[in-house]
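Hello,

I am handing over the structure below. Please look through it before reading the notes that follow.

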Amino acid sequence: MNFFGFGQTADIDIVLNDAETRKKAEHNSEDGKKDKYFLFYDGETVSGKVNVTLKYPGKRLEHNGIKVEFVGQIELYYDRGNHHEFVSLVKDLARPGELTQSQTFDFEFAHVEKPYESYTGQNVKLRYFLKVTIGRRLSDITKELDIVVHTLSTYPDINSSIKMEVGIEDCLHIEFEYNKSKYHLKDVIVGKIYFLLVRIKIRHMEIDIIRRETTGTGPSVYNENDTIAKYEIMDGAPVRGESIPIRLFLAGYELTPTMKDVNKKFSVRYFLNLVLIDEEDRRYFKQQEIILWRKGDIVKKSMSHQAIMAAQRFEGSSNPERSHSQSAENDKS
Amino acid sequence: MRFKIELCDTRRLNSKPQDLTDAYGPPSNFLEIDVYDPQIVGVGRNRYTTYEVRMRTNLPIFKLKDSCVRRRYSDFEWLKNELERDSKIVVPPLPGKALKRQLPFRGDEGLFEEAFIEERRVGLEQFINRIAGHPLAQNERCLHMFLQEETIDRNYIPGKVRQKDNRDTCACSMYIYFYITLIQS
């Protein structure tokens, strides 16, 4: 290895075996930009090829070993030096020696446990990535490939509604109700606010969705509150006996599933904040936690006849499914 | 062709139909305070301005539904200080004290300049309406004394006012309190 001439170096490229068929998911980076990454679920195998391409053909690359790792780690922004790895798998690709030409290595991490969802937040990041390292005496050559993991749940067995009476004695009494306590990310919050007593002059009412990211433990707990959404549900002054409906579609907002005490390092929780504002800008609010969960996509290969007809209204004439549903039915849905 | 079909029940939750007397009757939050009719009282250097403070309300916490008293600027100051000391409210600001206007050798009428009195009247009206509508201020004896008793007894015993028991609420058992914050614009 020369110090003053051109030492040999290499480019590393990680290619997944199912790169053509695997779905990608959007994920925010730390600076707010969105990017697409390969999407994995818990238990799926991560396999692929590592292409090591020598930069200067003909020259040898001496190395202390080539390995590939699959890592799942939690990074607290205020403590960047300490990464907490909760998944760490290694495969050796080559023993210490030298590469005389560019080479490709196969790897497979079978049925990898991915217990938590990928998360990039205000003070903490949880990420999964593949990392290839070519060990060398002075400086290793490394390459990382980030992936995104989603955790899926199914409909909860018990999903009671939230119903509560709140108020200020003799001034304002309301009863609020939300139809569920656990919502999936594309769900709709259906609820109502019933006014029992109104002795203040209300100007309008809104519902906010707040994300609370909790990092740290014991005395050094830090809560970061973010208002994800503000949705006005009433404009004007209500009187006793009035019922205001709530219908809030969650799919329009950037939400993650509720994450409680992940690896004992952080939590991400969601709250509905009901806010009433009076004529003098005084705010009366009541926060209520909701549990968010991620539902798996259901892809229907066969659709009901009516759904096909409905689709055809928008799709136009070239529809291969039409041949299956050719019946004398009129388009009267 | 593959489609994702999401069916969510978005029908409204059931609710009790509203009583028509509630729907079309007078609202229970009527509260209006007028500050008007400035009058200059006294002679020479001991003159001061008083204002009529008239409150009309249907809130049960106020003993009188229609009251009328005369107050001067320092009475408003007294009320502001009492509330700042005894309640947890962030009290809205009063119009300025105008100390400069009390100095001699001004070209104008000083404290008794018409435009100034009008400006002050507006500020006092905004102040008293803002504070009288605050649920926590309504519990303070000083506010009730200010609005509904002919003279302010500065040696009074500060305290809280309890609601009379003839409530027009429906049967409410235990409930959870709201948080209130007052945002100063």
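Predicted model: local features only at pLDDT ≥ 70, side-chain atom pairs only at ≥ 80, totals over all residues.

Residues are numbered from 1 along each chain as its sequence is written, chains are lettered from A and ligands numbered from 1 in the order in which they are written, and side-chain values use heavy atoms, without hydrogens and water.

Chain A is assigned domain 1 (10-149) and domain 2 (162-296), with bounds from an automatic or database domain assignment. Their C-alpha centres are 40 Å apart. In contact (heavy atoms within 4.5 Å) are 15 residues of domain 1 and 17 residues of domain 2. The two domains bury about 1,400 Å² between them, 59% of it from carbon and sulfur atoms; buried area is the accessible area (1.4 Å probe) that two parts lose on being put together, summed over both. On the domain 1 side, Glu117(A), Tyr119(A) and Asn123(A) lose the most area to domain 2, together 40% of what that side buries.

There are 2 salt bridges between the domains, a salt bridge being a side-chain nitrogen of Lys or Arg within 4 Å of a carboxyl oxygen of Asp or Glu.

Asp187(A) sits in the loop between β15 (182-184) and β16 (188-198), strands being DSSP runs (E, at least two residues) numbered from the N terminus. Beyond its neighbours within four places in sequence, its contacts include Phe249(A) and Cys8(B).

Regards

Note on methods: Helix = DSSP H or I, 4+ residues; strand = E, 2+ residues; numbered from the N terminus.
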